[in-house]
Amino acid sequence: MCSSTVNDYFGHSVGDQLIVEIGRLLKQKVRPTHVVARQGGDEFTIIVTPVYHLHDVYQLVDDIVSISKQPIAVQHLDMRVSLSVGVAMYPYDGETSDTLMKHADMAMYRAKEQGKNQYQFFNGEMDQTVLQKTMIETDLYEAIEQKQFVLFYQPQFDVQTKKIIGMEALIRWMHPKLGMISPGVFIPIAEETGQIIAIGEWVIEEACRQIKRRNEQTGLSLRMSVNISPKQFLKENFVEHIDSVLRETSLPAHQLDLEITEGVAVFNEQYTIHKLQQLKRLGVCISIDDFGTGYSSLSYLRKFPIDRLKIAKPFIDGMTEEKEDVAVVKAIIVLAQNLKLRVIAEGVETLSQFHILETLQCDEIQGYVFGKPLDADAFENTYLQNQLPNE
């Protein structure tokens, strides 16, 4: 959880105290000869000197990252934070303080890209990566203004009836010079810069227009699933925006499925419950995306007004080789059935995986084995036959 998120949820007083607590914990992890300083925002700099063995540096960064494993008490709250650490070594990575700071910063952002709660040592290839990142960040502003984004759609099928019941909207960036840029490249940057809010709002508006038109043309009642960024969910007027889009497009609310991650649950449980209840009053469907890989807690499943669990792809990948993964998937399906929730498996890539899911009575599937993401026209031509391809 970054400081800006804490400030938005709990106020600057809590955010400031959290920074103080993190600084205190960092000082506990280092030796008296080391220097701990706040760089700005939620960033800290640690100057480690002297260094006799590289092993000591590895041990130190392991200790620092371990701070994320336990909640931090701030006022009446237990806060969990994620830490990313970048390391630059003198004189190998620079001989001046400015160069060392720059390279440590590059390494830190690479650690963030790897999933947070990790550390990275600087290497020369990171200079080119940072240059590309800066270019993408700059071009994103123009992409938003000039509407360079397009939506692709991946079908979702009912396992028992073998009929298409919905689709997931997946954003693509058609860069005028670089061609199609993968969301895996630009979405993390958009998240970091806050541009994800404007992008996310466009995705919802466009997806709702598309599914409304498609359902009217075909006489179907397909559901549109849209991924919601934590920052987008956090925005104060998020519910109002959803309501406004539903009214403008005249889309029946139950045909819109909002996918949120488990991570949203740990920011502020009561706030999240209140917001989800507001969305449910609108009539939209709510799914937990990548279930099983985040801050899994059985307590929120019974508290949150959700409709579906979306089993994370790593569990699906291992089903044909690891009995443990089959057991996990089976447990999730049984749990969902007892809670009267539907289950969708994403990332289904083989018929063997599909047959296992069918045996386990999974409700819905999504994956390359039956449907790759396609643009709107290709999707209509390929998947609106309401029939899975022949096995």
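Against which elements do the buried residues of α16 pack? In this predicted model, local features were considered only at pLDDT of at least 70 and side-chain atom pairs only at pLDDT 80 or more, whereas totals for chains, interfaces and linings use all residues. Residues are numbered from 1 along each chain as its sequence is written, and side-chain values use heavy atoms, with hydrogens and water left out.

The buried residues of α16 pack against β7 (149–158), β8 (164–175), α7 (196–218) and β16 (374–375), where contact denotes heavy atoms within 4.5 Å and the elements are DSSP runs numbered from the N terminus (helices H or I, at least four residues; strands E, at least two). Within α16, which spans residues 376–383, the buried positions are A376, F379 and Y383; buried stands for under 20% relative accessible area, exposed for over 50% and partly exposed for values in between, with a 1.4 Å probe and protein chains only. These three residues lie on the same side of α16 because they cover an arc of only 65° around the axis, the arc being that of the directions from the helix axis to the C-beta atoms. An α-helix has 3.6 residues a turn, so residues three or four places apart point the same way. The exposed residues D377 and N381 are carried on the face of α16 turned away from its buried side. At the N-terminal end, α16 is capped by D375, of which a side-chain oxygen lies 3.3 Å from the backbone nitrogen of D377.

The packing of α7 and α16 occurs at an angle of about 35°, with their axes 12 Å apart, and the contact is made by Q210, R214 and Q217 of α7 together with A376, F379 and E380 of α16. Axes here are lines fitted to C-alpha atoms, for helices over the stretch in contact, and angles run from 0 to 180 degrees between N-to-C directions.

With a disulfide defined as a pair of cysteine sulfur atoms within 2.5 Å, the count comes to zero. The sulfur of C208 has its closest cysteine sulfur in C285, at 12 Å, which is too far for a bond. C208 counts as buried at 1% relative accessibility, and C285 is likewise buried, with a relative accessible area of 19%.

In the loop between α3 (54–65) and β3 (72–74) lies S68, a buried residue with a relative accessible area of 12%. The side chain of S68 reaches the backbone oxygen of V65 at 2.8 Å. When residues up to four places away in sequence are not counted, S68 touches R80, V81, S82, L83 and N117.

Key. Polar contact = N/O pair within 3.5 Å; in protein donor to acceptor, adjacent residues only side chain to side chain.
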